[in-house]
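Q: I would like a close look at one part of this structure, followed by an account of how the rest is put together. Please keep the wording plain.

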Amino acid sequence: MPPADPSPRHTHDPLVALADRCVQCGLCLPACPTYAESRLEAESPRGRIALARAWALETIPPTPAGETHLDQCLGCRSCEAVCPAGVQYGALLVQARSRQRERRSAGWRQKSIEALVARPALLGALLRAYGRVHAWLPAQRRLLPPPAIAPPAVTAFAPAEESVAMFVGCAASAYEAGLRESVARCLAMLGVRVETPSGQTCCGSVHAHAGDIEGAQRLAARNRGAFESTRTVLTFASGCHEAVAQALDGGTTRTVDAIEFLARRLQMHGERWQWRARPERIALQLPCTQRNVVRSAGTLRALLASVPGVEIVELTASGCCGASGAQMLENPARAATFRAPLLRQLQDSGATRLLSANLGCRLHLANGTSVPVQHPLEFLAECVEAAPSPQAISPSA
């Protein structure tokens, strides 16, 4: 246990309070991807906690080497999921990086990314332009796969039993139009109409995880305004879910992972659709945020198991794919080292497609393989059709 700080000026420091829950037991070490890769204590959760605490208490000065160890945390929160002391590592990391940002300015890449994701319309236009020139770019400039050139609009359905709103976010405006169309069609079969309120913006995770708490709060306020008249908001990217839920917390709006929502509607109205047989081997990557934050992995496994003929191979060769928000753009070589074991496992599996419930993970993985990469709900939508109505079934003689 770290010694108590005698100085009263640190008594109410929220970062120190979060750090003091850590008992330094080391049970988090086997779960940490950066520690597994380096075997350095400073690249482990308890090492980073000790550094952040010591800096907050001013017992040691920050150094460039220490700052790099904090930079290189992937924010996967696998440590938080296994911690017996209940350390809120995600909140601690945001606090630590906020203070880091006060000590030194963010780099131009991080600032550029933050500025773009806060302007989804501009970002979407730039991404679609990038898609048009992608084939002519040198390999080192192809940091992302190309989005669809002409994404379809979400289908408008007649009034139904329930209405929900979709959270789109930033890059998803260009990359997930097909997913939104697929989910809208599936939910229509289950009596749900989907809407896409205007005025919504980035969830703010990119800002918060880089220490720009004020920027994240501004985006959260815009999203609260956009969804203030909505009862249920569906999220598709597991990396966005917590930020959206926190932004809308305290009102009458509930934030639900789209996978969980679909599963619940199926329990209520499963007779309204039927599964098509799909004899195919599918690889499944469970993002860190899905496993450790949203925790919808079990529900997703059950949904996929409902499809006749499908064979699922889970990719477990690496604890994190390395995307880590903007890190895959800021340090693509390092991000690729965490992705490589998963891609080797994918190749060895013989799977014909790869599923992942987080947009950042999908983009990072798709940029390293020719195997099609999809959101699980888009794949499931391909496997269903409306069940015939009772009136359409002829009575047996």
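Which helix gives the most to the lining of the largest cavity?

A: The model is a predicted one. The answer is H3, which gives 3 residues to the lining of the largest cavity. That cavity holds about 130 Å³ of space. Of the 14 residues that line the largest cavity, the closest to its centre are Cys-22, Cys-28, Ile-49, Cys-83 and Val-87. Two elements give two or more residues to this lining: helix H3 (45-57) and helix H5 (78-82). In total, the count comes to 3 cavities of 30 Å³ or more.

The structure holds 0 disulfides. Cys-240 is in no disulfide, and the nearest cysteine sulfur, that of Cys-203, is 3.8 Å away. A disulfide here requires two cysteine sulfur atoms within 2.5 Å. Cys-288 counts as buried, at 9% relative accessibility. Cys-240 is buried with a relative accessible area of 18%, and buried here means under 20%.

Cys-240 leads on to helix H13 (residues 238-248), whose buried residues are Ser-238, Cys-240, His-241, Ala-243, Val-244, Ala-247 and Leu-248. These residues pack against helix H11 (205-209), helix H12 (213-226), strand S3 (232-235), strand S4 (254-257) and helix H15 (288-294). After H13 comes Gly-250, with a positive phi near 100°. The loop between H12 and S3 contains Thr-230. Thr-230 counts as buried, at 12% relative accessibility. Apart from neighbours within four places in sequence, Thr-230 is in contact with Ala-165, Pro-197 and Thr-253.

In soluble globular proteins, nonpolar side chains tend to be buried together. The largest nonpolar core has 43 residues, and Tyr-175 and Leu-346 touch the most other members. H12 and H13 are among the elements that give two or more residues to this core, as are helix H7 (108-117), helix H8 (120-133), helix H9 (172-175), helix H18 (332-349) and helix H19 (359-366). A second, separate core of 38 residues includes Val-256, Phe-261, Ala-263 and Ala-357. Leaving aside neighbours within four places in sequence, Tyr-175 is in contact with Leu-127, Tyr-130, Leu-144, Pro-145, Pro-146, Pro-147, Leu-359 and Leu-363.

Leu-359 and Leu-363 are buried residues of H19, along with Cys-361, Arg-362, His-364 and Leu-365. Because 6 of the 8 residues of H19 are buried, this helix is largely enclosed by the rest of the structure. The buried residues of H19 pack against H9, S6, helix H17 (327-330), H18, S8 and S9.

S6, S8 and S9 belong to an open sheet of 4 strands, in the order S7-S6-S8-S9 and with parallel pairing. Its edge strands are S7 (310-314) and S9 (373-374), each of which pairs on one side only. Strand S6 (residues 280-285) and strand S8 (residues 353-356) run parallel and are joined by 4 bridges. Leu-284 stands opposite Leu-355 in S8.

Conventions: Residues numbered from 1 in each chain as written. Predicted model: local features only at pLDDT ≥ 70, side-chain atom pairs only at ≥ 80, totals over all residues. Heavy atoms only, no water. Buried < 20%, exposed > 50% of the residue type's maximum accessible area, 1.4 Å probe, protein only. Pairing = 2+ DSSP bridges. Contact = heavy atoms within 4.5 Å. Core = buried A, V, L, I, M, F, W, Y, C linked by side-chain atoms within 4.5 Å. 1 Å grid on protein atoms, 1.4 Å probe; cavity = no way out; pocket = protein on both sides within 12 Å on 5 of 7 lines; lining within 4 Å. Points joined across faces, edges and corners; volume = space filled by probe spheres on them.
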